Amino acid sequence: MPRSLRRVDFAPPREPSIVLSSPHETICVNLRRVPGAKRFTLRVRSAKRDVVLTMPWRASVSSAREFAERHRDWIGARMRRIPAPVRFEPGAIVPLFGEPHEIAHREGARGVVWTEVGDNGERLLCVAGRGEHVARRVAEFLRREALKRLRQSVLAHASAIGVVIQRVTVRDTISRWGSCSVSGALSFSWRLVMAPEFVLDYLAAHEVAHRRHHNHSPEFWALTKSMSAATDKAEAWLKARGSELHRYGAE
Ligand SMILES: [Zn+2]
């Protein structure tokens, strides 16, 4: 299989999707033909809240439908386990550096977005301006905070091991938390701003360490662990809780 086909962001030509409907639910299953696939494989992607059925190149759509129908209960159970999406709206609870914050709309207030401690000790994420702008302002605030904090961490780790970073950006990636290009451009998911700080700082160390070792060799891990004492703890956190970060900010 050519290398490019294995990349997670590879987008094959559009295949039809099939719909499984029952009195209780309608589930849309996206079909993906993969050269070299020997059998049908089902995947429920919690970040995208969808189902992907990988199928052999020459298999028919009707055999794919049959396969999906046979596994309908399994798909339904997995879909129901995906946590409900959380919109950025007043009253919603959104984590900031791992601490839950309640979004509070302060219509007449000056400023844009800021944090505050409420009368009962609760943490608030306050948003000024008109109601229809709350979601966008929260999203922009979180991206800005993510970039600021990640940049700080990256620069500290880079100077500690003496490597040069070209640039740091944040994006909304589904399949990876961070990446490091050969030229030294680092990119991260803005959603890390919602994770505890030790997770964000570990990711920064991880990507900076790739400036030395562009692989996941034992040397790479030894370097990363020397830069971030929380490496194992952060990896475990991402594995257990990382997908939750994708539920926030749904349109
Ligand atoms: Zn890596």
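This is a predicted model: local features need pLDDT of at least 70, side-chain atom pairs count only at pLDDT 80 or more; totals for chains, interfaces and linings use all residues.

Trainee: Where do domain 1 and domain 2 run in the protein chain?

Mentor: Domain 1 covers 3-80 and domain 2 covers 93-247. Those bounds come from an automatic or database domain assignment.

Trainee: How many helices and strands does the protein chain have?

Mentor: Seven helices and eleven strands. They are DSSP runs numbered from the N terminus, with at least four residues of H or I for a helix and at least two of E for a strand.

Trainee: What makes S9 and S11 a pair?

Mentor: Two strands pair if DSSP finds at least two bridges between them. S9 and strand S11 (residues 185-189) have five bridges, in the parallel sense, so they pass that test. As an example, Arg171 has Ser189 in S11 as its bridge partner.

Trainee: And which strands are at the edges of that sheet?

Mentor: The sheet is open, with three strands in the order S9-S11-S10 and mixed pairing. Its edge strands are S9 (167-171) and S10 (178-180), since each pairs on one side only. On average, neighbouring strands here are turned by 15 degrees against each other, direction ignored.

Trainee: Which helices lie across these strands?

Mentor: Helix H4 (residues 134-161) lies across S9 and S11, at about 145 degrees to S9. Helix H5 (residues 197-209) lies across S10 and S11, at about 20 degrees to S10. Axes are lines fitted to C-alpha atoms, for helices over the stretch in contact, and angles run from 0 to 180 degrees between N-to-C directions.

Trainee: Why is H5 called roughly perpendicular to H7?

Mentor: H5 and helix H7 (residues 231-241) pack at about 110 degrees, with their axes 9 Å apart. That angle makes H5 roughly perpendicular to H7, because the label goes to angles of 65 to 115 degrees (under 35 is roughly parallel, over 145 roughly antiparallel, the rest oblique).

Trainee: What does H5 bring to meet H7?

Mentor: Phe198, Val199 and Tyr202 in H5 meet Thr231, Lys233, Ala234, Trp237 and Leu238 in H7. By class, this contact has six nonpolar, one polar and one charged residues. Ala, Val, Leu, Ile, Met, Phe, Trp, Tyr, Cys and Pro count as nonpolar, Asp, Glu, Lys and Arg as charged, and the others, Gly among them, as polar.

Trainee: How do you know whether Val138 is buried or exposed?

Mentor: Count the other C-beta atoms, placed from the backbone, within 10 Å of its own: 20 or more is buried, 12 or fewer exposed, and in between partly exposed. Val138, found in helix H4, has 23, so Val138 is buried. Beyond residues up to four places away in sequence, Val138 touches Phe88, Ile103, Val113, Leu125 and Val127; touching, or contact, takes C-beta atoms that lie within 7 Å.

Trainee: Then why is Ser243 called partly exposed?

Mentor: Ser243 has 15 C-beta neighbours inside 10 Å, so Ser243 counts as partly exposed. Ser243 lies in the segment after H7. Leaving aside neighbours within four places in sequence, Ser243 is in contact with Ser46 and Ala47.

Terms used: Residues are numbered from 1 along each chain as its sequence is written. Two residues are in contact if their C-beta atoms, placed from the backbone, lie within 7 Å.
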